[in-house]
Amino acid sequence: MALVEIDHVTKRYDHLEVISDFSLDIEEHEVICLIGPSGCGKSTLLRCVNRLEEISSGEIRIHGDRITGPGVDLDRLRRDIGIVFQGYNLFPHMTVLENTILAPTKVLGMSRREAEEKAMAFLERIALTHKANDYPDRLSGGQQQRVAIVRALMMEPMLLLLDEITSALDPELVSEVLDIVRDLAAGGMTMILATHEMGFAREVADRICFLQAGKVYEQGPPADILGNPQGERTQAFLRSLRKAGRL
Amino acid sequence: MTDHIILVSQDEAGRAAEWRARRSTKTYRGRASFTLMLSALTCLVVAASAQHIGSYAVSQGVSPVAASLPGMIAALVAALVLVMAASAFLKSLAAGRQEDVHTARLLGDEASTRSWKALAWTGALLIVTAGAWFMVVNDAAVSRTFFDLVLIRDSAGKVLRAFGTNILIFSVSAVLILVWALVIALARTLPGAAGRPLRVLAIAYGDLFRGLPAIITIYLIGFGLPLTNLPFLSDLSSTSYAIIALTLTYGAYTSEIYRAGIEGVHHSQVAAARSLGLSHVKTMRYVVVPLAVRNIIPPLMNNCISLQKDTALVAIIGAIDAFNQAKIIAANNFNLSAVTTVAILFIAVTIPQARIVDKLSERDRRRMRAGG
Ligand SMILES: Nc1ncnc2c1ncn2[C@@H]1O[C@H](COP(=O)(O)OP(=O)(O)O)[C@@H](O)[C@H]1O
Ligand SMILES: [Mg+2]
């Protein structure tokens, strides 16, 4: 059984149908990249999976268990699904360390000591121990985004959603963030990434889904989608990326 | 040809020559000469006023040194300003004569800056001089009524002691208000249909007490509660009634400030907190309220200053605060100088707070710029 089953999901804002009759299964340890033009619904889809947005119809299941509809313990659900945003969204009034230990201590009831030890181990892996007691404004964008990833990992999620996590970064900072994602993929983390980094998607993804108007327009292994796309829209999208020097 | 948005002329040398031909140098002659005239006039006015007011003060028994010192300082400043204006005018003349464009621009720029400075100083001097005249006209009626130094000195002790009441009322109600207003603000931002009854109640409270003038609330509570014969509530001191009334009034205002702060926290921060599994309450407690409070420190402190001043309103329910005490002294002496003491006290405690607000908000602004 797939880890995540997105089953005929539709999401409307008033009359605008952002996700329409969308179905996708994600296996455990799978890395899926969502690509597609801006506004095609990548962020919305990710936010529906951890229910930051409510879907209008259809259902989403995790391990076969329905997580949409009333009565689902959202706080419980979100403990197990990490999300990292394009704009990092670190809490500006907390230090790096405080950002990372907030949820483990306040949600899981972990002791402060234990949480700090765990956080420092993570920070060591991303070479940021020296920034542990700094506020986010003292960090570069790349460093902030790495901390945001650690903050999500502190909850030991079974699924990680990454929403264009390098889009706000200067080009030379992109790789330090992607290195972590590469490491996570190698470690077997199940991930859904919305991304514009085609080179990275080709390397790390098990499957690439090209989204168009809230639907999966074409999907398959990276080599097929990026090397030999079948659909007209996919070809046009990749052509425009190539023109802009992004592919 | 048609695939260019704009076609730029190929005659580069011609365009460069045209550009250079159009350059000009501003000498600011008009501003400099006006400033020179005005500052010369000001110099005369200040000197004459200093002379007149100084000799009047001496005739009233002020020591000659104390009487002439302010006038001499003012005259000196006026002379310096005149020098500044003159130098601006000279720079402007030099700028006009100068052949080299860059030097001329430099001179013109200095002429302009100095003229503005001299003008600003001239304005300030004229205002101060007018103030000095206001104090001494009509046989120094203004000074006598408001600034009777002897009476100020003699009444200072009593007024200062009564000011303790103001400080007590202020400190207790400030703490109560900060807590009470947060409760109201949280009630107003409760989510969902379940939160509605409390939301509505909070809105009604806010509307009621923001509409009521503070002085009426104080009057109603200070004179009304004792008449109710309710246990405990009917036999409090007038200071306690003042604290209750001010807390109710300012709680309504302050809750609006909190609410603006809470709603001003960017929704991405809430999304980040919720996505980590924090509940609504924990998100409020650890993320939204701490961020909101930082954003609203300036308006909160301004409210605080305003509260401090409104402690003087308790005089109407007979609490012997500094203002009431001063009014008694003023009535006995047919002179308002004791009230001036109160005014000075209020100002003296307010100014440091205003500076603290500036410092705090500057520090937090720097920190909040990141994160988003
Ligand atoms: N809160 C909202 N209200 C109304 N429309 C929205 C809202 N959020 C997103 N949309 C719309 O949904 C569409 C998909 O947005 P999004 O999921 O952010 O696209 P992507 O991440 O692929 O660029 C866009 O057309 C956007 O304008
Ligand atoms: Mg997006």
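Where in chain B does UniProt place the feature "transmembrane region"? The unreviewed entry puts this feature at residues 32-53, 65-90, 118-136, 167-187, 208-227 and 336-357 of chain B. The model discussed here is predicted.

**Annotated spans**

UniProt, again in an unreviewed entry, lists "domain: ABC transmembrane type-1" for residues 163-357 of chain B. For chain A, the annotation "domain: ABC transporter" (unreviewed entry) covers residues 4-238.

| Span | Helix | Strand | Distance between end C-alpha atoms |
|---|---|---|---|
| Residues 4-238 of chain A | 37% helix | 25% strand | 28 Å |
| Residues 163-357 of chain B | 78% helix | 0% strand | 23 Å |
| Residues 118-136 of chain B | 100% helix | 0% strand | 27 Å |
| Residues 167-187 of chain B | 100% helix | 0% strand | 30 Å |

Strand makes up 25% of the annotated span in chain A.

**A helix pair in chain B**

Helix 2 of chain B runs over residues 29-59, and helix 3 of chain B over residues 64-97. Their axes lie 8 Å apart, and the packing angle is about 170 degrees. Because of that angle, helix 2 of chain B counts as roughly antiparallel to helix 3 of chain B. What classes of residue make up the contact of these two helices? The contact residues divide into 21 nonpolar, 7 polar and 1 charged. UniProt's transmembrane list for chain B includes residues 32-53 and residues 65-90.

**The ligand site in chain A**

Which residues surround ligand 1? They are Tyr13(A), Val18(A), Ser38(A), Gly39(A), Cys40(A), Gly41(A), Lys42(A), Ser43(A) and Thr44(A). By class, this shell holds 3 nonpolar, 5 polar and 1 charged residues. Helix 1 of chain A, residues 42-49, supplies the largest share of the shell, with 3 residues.

Polar atoms of the shell approach oxygen atoms of the ligand. Gly41(A) places a backbone N or O atom 3.0 Å from an oxygen atom of ligand 1. For Lys42(A), a polar backbone atom is 2.8 Å from a ligand oxygen atom. Thr44(A) uses its side chain: a polar atom there lies 2.5 Å from an oxygen atom of ligand 1. On its own, ligand 1 has 560 Å² of accessible area, and the protein covers 59% of this.

Terms used: Residues numbered from 1 in each chain as written. Chains lettered and ligands numbered in written order. Predicted model: local features only at pLDDT ≥ 70, side-chain atom pairs only at ≥ 80, totals over all residues. Heavy atoms only, no water. Near = heavy atom within 4 Å. Polar contact = N/O pair within 3.5 Å; in protein donor to acceptor, adjacent residues only side chain to side chain. Areas by Shrake-Rupley, 256 points an atom, 1.4 Å probe, with all protein chains shown as cover. Helix = DSSP H or I, 4+ residues; strand = E, 2+ residues; numbered from the N terminus. Nonpolar A, V, L, I, M, F, W, Y, C, P; charged D, E, K, R; others polar. Axes fitted to C-alpha atoms, helices over the stretch in contact; angles between N-to-C directions. Parallel < 35°, antiparallel > 145°, perpendicular 65-115°, else oblique. UniProt positions renumbered as here; feature names shortened; annotations may be inferred.
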